[in-house]
Amino acid sequence: MTGPTGSTRGTLEVRGLAFAYPDGRQALFGVDLTVTPGERVAVLGPNGAGKTTFVLHLNGTLTAGAGQVIVDGIPVARDTLKEIRRRVGIVFQDPDDQLFMASVRDDVAFGPRNLGLRGTELTTRVEQALQATGMLGAADRPPHHLSFGQRRRVAASTVLAMDPTVLVLDEPSSNLDPQARREFADIVTSLGLTTLVVTHDLLYALQLCPRSVILDGGRIVADGPTDRILRDQQLLAAHRLELPFGFTWP
Ligand SMILES: Nc1ncnc2c1ncn2[C@@H]1O[C@H](COP(=O)(O)OP(=O)(O)OP(=O)(O)O)[C@@H](O)[C@H]1O
């Protein structure tokens with residue numbers, strides 16, 4: 001296995017990805033998507049469209065029935081899983097799925113320690129990841145003493161501490177107040193990482209992602225600049241997507 005070159009770091013390629021669950025339900029039908037380094041792409045779509053199924057292929061949690069996912073030039077496969085999981089960082093909707101240690105610092109150190117980091121290298125990695133989300137001041141607090149929005153930031157730090165090349169955010173705006181939403185968007189934007197944002201929150205997609213795709217029925221049915229996609233009312237209606245009531249374009 002060759003490592004990534006400077007030009008492939010942060011590249012995500014999905015080719016002909018198809019998947020059926022064991023009960024026979026086909027959830028993805030040949031999804032193609034190429035994301036270039038530093039691009040932020042929203043993955044939009046109604047309930048049951050296949051978004052979660054798609055995301056679970058990006059780090060090899062689910063194995064493609066057909067097609068391929070390639071991260072930084074490395075195909076997702078059984079023998080590349082460890083490398084892929086270090087490179088693809090998924091921040092799940094519920095931070096409590098990702099936080100289970102007695103302190104924030106321990107939670108953020110967990111992944112890099114498993115990679116073999118120790119001493120000042122580990123401390124630096126942890127502190128940088130907490131600094132990036134504005135949570136360094138909470139390093140010694142128990143995660144369960146923090147607010148939901150703070151826990152979401154710590155969960156993001158656990159992922160950043162792995163030095164990922166591709167970041168995946170699952171419903172990042174859910175349960176955040178308006179200020180926390182904006183702050184989290186600023187954090188994500190400042191990272192400059194290749195980022196996929198899975199969301200039903202179309203305005204958050206507009207704020208965070210220059211490009212969007214619509215996934216519906218296990219297929220990508222639209223791919224383009226987010227404002228162009230969101231201005232197409234027929235397209236939105238056809239895929240059960242709606243801008244908030246009363247929203248008007250500036
Ligand atoms: N474990 C499973 N076994 C069988 N079918 C499943 C399983 N998980 C999901 N599905 C089906 O696969 C399809 C895609 O589901 P998925 O959860 O990927 O959609 P989604 O776009 O993430 O939806 P939501 O927006 O509601 O979270 C749906 O038809 C769903 O019923």
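Guide: Two strands count as paired if DSSP finds at least two bridges between them. Helices (H or I, at least four residues) and strands (E, at least two) are themselves DSSP runs, numbered from the N terminus. The structure is a predicted model, in which local features need pLDDT of at least 70 and side-chain atom pairs count only at pLDDT 80 or more, while totals for chains, interfaces and linings use all residues. Residues are numbered from 1 along each chain as its sequence is written.

Visitor: What makes E1 and E4 a pair, and in which sense do they run?

Guide: Five bridges join E1 and E4, which pair in the antiparallel sense. The pairing criterion asks for at least two bridges, so E1 and E4 qualify with five. Within this pair, Leu12 has Val71 of E4 as its bridge partner.

Visitor: How many bridges join strand E1 to E2?

Guide: Strand E1 (residues 12–20) is joined to E2 by seven bridges, and the two run antiparallel. Phe19 stands opposite Leu28 in E2, and Ala18 has Phe29 in E2 as its bridge partner. E1 and E2 form a hairpin with five residues between them, and Gly24 in the turn has a positive phi of about 100°.

Visitor: What is the strand order of the open sheet of four strands?

Guide: The order is E2-E1-E4-E5, with antiparallel pairing. Strand E2 (26–35) and strand E5 (74–75) each have a single partner strand, so they stand at the edges and one side of each has no neighbour in the sheet. Helix H1 packs on this sheet and touches E1, E2 and strand E4 (66–71). Contact here requires C-beta atoms, placed from the backbone, within 7 Å. The direction of H1 makes about 60° with that of E2, where axes are lines fitted to C-alpha atoms, for helices over the stretch in contact, and angles run from 0 to 180 degrees between N-to-C directions.

Visitor: Why are E6 and strand E10 said to stand at the edges?

Guide: The open sheet of six strands has the order E6-E7-E8-E3-E9-E10, with mixed pairing. E6 and strand E10 (219–225) each have a single partner strand, so one side of each is left without a neighbour in the sheet. From one strand to the next, the twist averages 20°. In the former pair Val91 has Leu169 in E7 as its bridge partner; in the latter Arg211 stands opposite Pro225 in E10. H1 also lies across strand E3 (40–44), E6, E7, strand E8 (194–198) and E9, running at about 150° to E7.

Visitor: How do you know that the span of helix H5 agrees with its number of residues?

Guide: The expected span is 1.5 Å times one less than the number of residues. The 13 residues of H5 (residues 148–160) should therefore span 18 Å, and the end C-alpha atoms are 18 Å apart, which agrees.

Visitor: Why is H5 called largely enclosed?

Guide: Ten of its 13 residues are buried, so the rest of the structure largely encloses H5. Among these residues are Arg151, Val154 and Leu160. The buried residues of H5 pack against strand E6 (88–91), helix H3 (104–114), helix H4 (119–132), strand E7 (166–170) and helix H6 (178–191).

Visitor: Which helix gives the most to the shell around the ligand?

Guide: Helix H1 (residues 51–58) does, with three residues. The shell takes residues whose C-beta atom, placed from the backbone, lies within 6 Å, including Tyr21, Asp23, Ala27, Lys51 and Thr52. It divides into three nonpolar, six polar and three charged residues; Ala, Val, Leu, Ile, Met, Phe, Trp, Tyr, Cys and Pro count as nonpolar, Asp, Glu, Lys and Arg as charged, and the others, Gly among them, as polar.

Note on methods:
A residue is buried if 20 or more other C-beta atoms lie within 10 Å of its own, exposed if 12 or fewer, and partly exposed in between; C-beta atoms are placed from the backbone. Two residues are in contact if their C-beta atoms, placed from the backbone, lie within 7 Å.
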